[in-house]
Amino acid sequence: MKKNLVLLVVMSLFMAFFSSCSKSGADVIPEDAQVVASVDFKKTALAMKDIKGDVSAQLRGYLVMFPLSQESKDFLKEVIENPNASGIKVTEPIYFSLLDAENKDMMISGMVSDQEAVEKSIQLLAKEANKEVSLSETATGIKYFDFGEVIFMYNSDYFVVKQYTLGESASPIDVEMEKYFTMEKSFVNTAAYKHFASEDGLAKLVVTPESYKALSAEELAELYGSPITPEELGNTSIVMSLNMKKGQIIGAVDIEWGSEKMIALANEASLF
C-alpha cells in the first residue's frame, strides 16, 4: 500500500509541476476536511527559475535519481518538454487533504486537462508498482483505476486519489465516487477556505474548525491554555504559508479567531 501511494504521489506531483477557470481541485474536497494543504507548482517553478535558471534542464538530470523504468523516464522527459502529456493541469494548486485524522483518511485532488493522457500516466504508474490494473468506468462516467488500498478516480474536470478498498463500503461504488464529483457543499463553501484562499504562498496549510471536533476538552485546554469548547472556537482557522524570495524560504502564520471569546483569550494570553 505504501509503495503504491508513494508512487502515486511522486508521479502526480512530477507531472503536475509542469502542467498548466474558475474550477479548482478544492471543489472535490468534503466540507468537513480537518486539514487541507496545497502546493502551487506554477509559482514554485517561477521562484526556482529566478534562483536556479533552467529548472527543466535540472529536473531532466534528476530523473536518474528515481528508481523508474526507462519507459517511465522517457515519458517524464516528454512531460517536461510538453506539459499536456501528463493529462494533469495546475491552474490552481494540487490539494492534499486530511479528512479524518483518527482513521488516517486522506485524499489528493486536482484538475484534469486530458483524460487519455491521464490513462497513459496511470498505466505507467501501475507498471512501476508491479500492479495489474485496468481502466474502469461507472455508470455516471467516472473513470477509475483500483490499486487495492488506493484508487485513482477522475472525470473530464477533476482527479481524486483516495485510500479506499472497493467492496468495503455498504454504498455502491458509483455512489461513493459520485459524492466527490457532485458536491453541493464542499470545502470551497467554508469560512476556512476563504481564509485559506486569501493567503498567498507557494505552499499553504489550513487547520479547519473541523479538526477541533476530534479533540477532547483536555486536549483543547492544553492547546489554548484555557478551557475552551469547539462551539466557542467557532470558525477559528489557522493558515500557515511558505514563500520564496531571493533564495530564502519565508514562513507565515495567520489566525482568524471564530468568536469574541477566542479574540479576548488571544489578547489576554498572547496566543500564537
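In this predicted model, the largest nonpolar core has 25 residues, and the members that touch the most others are Ile29, Met153 and Phe187. Several elements give two or more residues to this core: the strands β3 (94-100), β4 (105-112), β7 (150-154) and β8 (158-163), together with the helices α6 (173-181) and α7 (191-198). There is also a second, separate core of 17 residues, and Ile88, Phe152, Phe159 and Val161 are among them. As a general background, nonpolar side chains in soluble globular proteins tend to be buried together.

Let's look at Phe187. Which residues is Phe187 in contact with, leaving aside its neighbours within four places in sequence? The list includes Ala26, Ile29, Pro30, Glu31 and Val36, and also Ala192, Tyr193, Phe196, Val206 and Thr208. Phe187 has 0% relative accessibility, so this residue counts as buried, the cut-off being under 20%.

Now for the aromatic rings.

| Pair | Centre to centre | Angle between planes | Arrangement |
|---|---|---|---|
| Phe152 and Phe159 | 5.5 Å | 5 degrees | stacked |
| Phe187 and Tyr193 | 5.3 Å | 80 degrees | edge-to-face |

Tyr193, the partner of Phe187, is buried with a relative accessible area of 16%.

Phe187 and Tyr193 also belong to one aromatic cluster with Tyr95 and Phe196. Over the face of Phe196 lies Lys204, at 4.6 Å from the ring centre.

Terms used: Residues are numbered from 1 along each chain as its sequence is written. This is a predicted model: local features need pLDDT of at least 70, side-chain atom pairs count only at pLDDT 80 or more; totals for chains, interfaces and linings use all residues. Side-chain values use heavy atoms; hydrogens and water are left out. A nonpolar core is a set of buried Ala, Val, Leu, Ile, Met, Phe, Trp, Tyr and Cys residues joined through side-chain atoms within 4.5 Å. Buried means under 20% relative accessible area, exposed over 50%, partly exposed in between (1.4 Å probe, protein chains only). Helices (H or I, at least four residues) and strands (E, at least two) are DSSP runs, numbered from the N terminus. Contact means heavy atoms within 4.5 Å. Rings of Phe, Tyr and Trp (its six-membered ring) pair if their centres lie within 6.5 Å; planes under 30 degrees apart count as stacked, over 60 as edge-to-face and the rest as tilted. A charge sits over a ring if NZ of Lys or CZ of Arg is within 6 Å of the ring centre and within 35 degrees of the ring normal.
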